[in-house]
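Let's take a walk through this protein together. Keep the sequence and the 3D view side by side as you read.

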Amino acid sequence: MNRTLVVLTALSVGLSTTMFTGTASAQAAAAPATAPAPVKPEAIPAKIGLIAFQPAVMATNEGQRTLADVQKKYDPLKTKLIAEGTEIDNLRKQLQAAPATMSDADKAKMAADIDVKEKQAQLDQESYQNSGTADMQAAYGKIAEKFEPVMQKWAKDNGFTLILDIGTQQTSNVVWAADGMEISQAVVDAYNAQSGIAPSAPAPAPAAARRPPTTPSSGSTAPRTTPKPATTPATK
């Protein structure tokens with residue numbers, strides 16, 4: 001009888017211990033994690049730089065090579081557009097200088113032919129513009145994704161706390177900046193050194209610091225503005 005009581009007591013103690021341990025574990029799991037201490041906002045000495053991001057990307061050796069490749073790709077269509085424009089101009093002149101002896105039917109036919117050629121030239125021009133812009137956007141985006149980390153590293157290595165993009169006028173809020181704040185060329189040089197791509201032609205200087213700019217990036221790697229393809233020949 002005593003032995004049975006000892007066994008039952010031991011089982012009861014073990015069960016109670018198990019239940020207590022499980023309850024304690026559940027309570028510990030349910031306890032909220034300690035919130036991190038909030039960071040106290042404070043002013044720090046600022047060293048601000050300005051960069052014309054999109055022009056700087058295209059001023060790199062890789063950007064210049066890419067631009068040349070896209071222009072070369074669309075040279076045949078550009079030549080076709082110029083030829084179409086010249087032909088349409090000549091036909092218009094012929095119609096305007098048509099002799100009085102030309103019948104109205106012939107004049108109407110010539111005018112209809114001009115209209116058909118103008119519509120085709122317009123389609124070709126839209127294709128040139130849309131396809132060229134898409135190719136430039138894709139090429140620019142690839143370079144910009146590699147260019148931004150180089151810019152960030154250069155800024156950190158040189159003690160900058162804030163970089164403002166002054167590449168475009170539409171999204172800029174910088175109206176004046178002191179000389180020496182422009183870092184575009186320095187970052188372009190750093191990118192060229194890292195990429196190892198030799199210049200294919202004299203690269204244009206990035207935009208000056210005093211031009212109206214754009215708001216700074218939040219740090220995400222995203223192209224600010226998409227450059228356009230080579231100038232589109234306009235049909236008259």
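Start with D165, whose side chain reaches the backbone nitrogen of F53 at 3.1 Å. The side chain of D165 also reaches the backbone nitrogen of G167, at 2.8 Å. Each is a polar contact, meaning a pair of N or O atoms within 3.5 Å; within protein, one atom must be able to donate a hydrogen and the other to accept it, and residues adjacent in sequence count only if both atoms are side-chain atoms.

A quick word on what you're looking at: this is a predicted model, where local features need pLDDT of at least 70 and side-chain atom pairs count only at pLDDT 80 or more, while totals for chains, interfaces and linings use all residues. Residues are numbered from 1 along each chain as its sequence is written, and side-chain values use heavy atoms, with hydrogens and water left out.

Back to D165, which sits in strand β2 (residues 162-165). Helices (H or I, at least four residues) and strands (E, at least two) are DSSP runs, numbered from the N terminus. Is D165 buried or exposed? D165 counts as buried because its relative accessibility is 3%; buried means under 20% relative accessible area, exposed over 50%, and partly exposed in between (1.4 Å probe, protein chains only).

Now for the greasy part. In soluble globular proteins, nonpolar side chains tend to be buried together. A nonpolar core here is a set of buried Ala, Val, Leu, Ile, Met, Phe, Trp, Tyr and Cys residues joined through side-chain atoms within 4.5 Å. The largest one has 24 residues, and I51, F53, V57, F147, I163, I183 and V187 touch the most other members. Helices α2 (53-59), α5 (104-157) and α6 (184-195) each supply at least two residues of this core, with α5 giving the most, ten residues. Apart from this core lies another, of six residues, including L50 and I166.

Next, follow α5 to its packing partners. Helix α3 (residues 61-73) packs against α5 at an angle of about 165°, with the axes 10 Å apart. Axes are lines fitted to C-alpha atoms, for helices over the stretch in contact, and angles run from 0 to 180 degrees between N-to-C directions. That angle makes α3 roughly antiparallel to α5 (under 35 degrees counts as roughly parallel, over 145 as roughly antiparallel, 65 to 115 as roughly perpendicular and the rest as oblique). Helix α4 (residues 75-96) packs with α5 at about 160°, their axes 10 Å apart, which makes α4 roughly antiparallel to α5.
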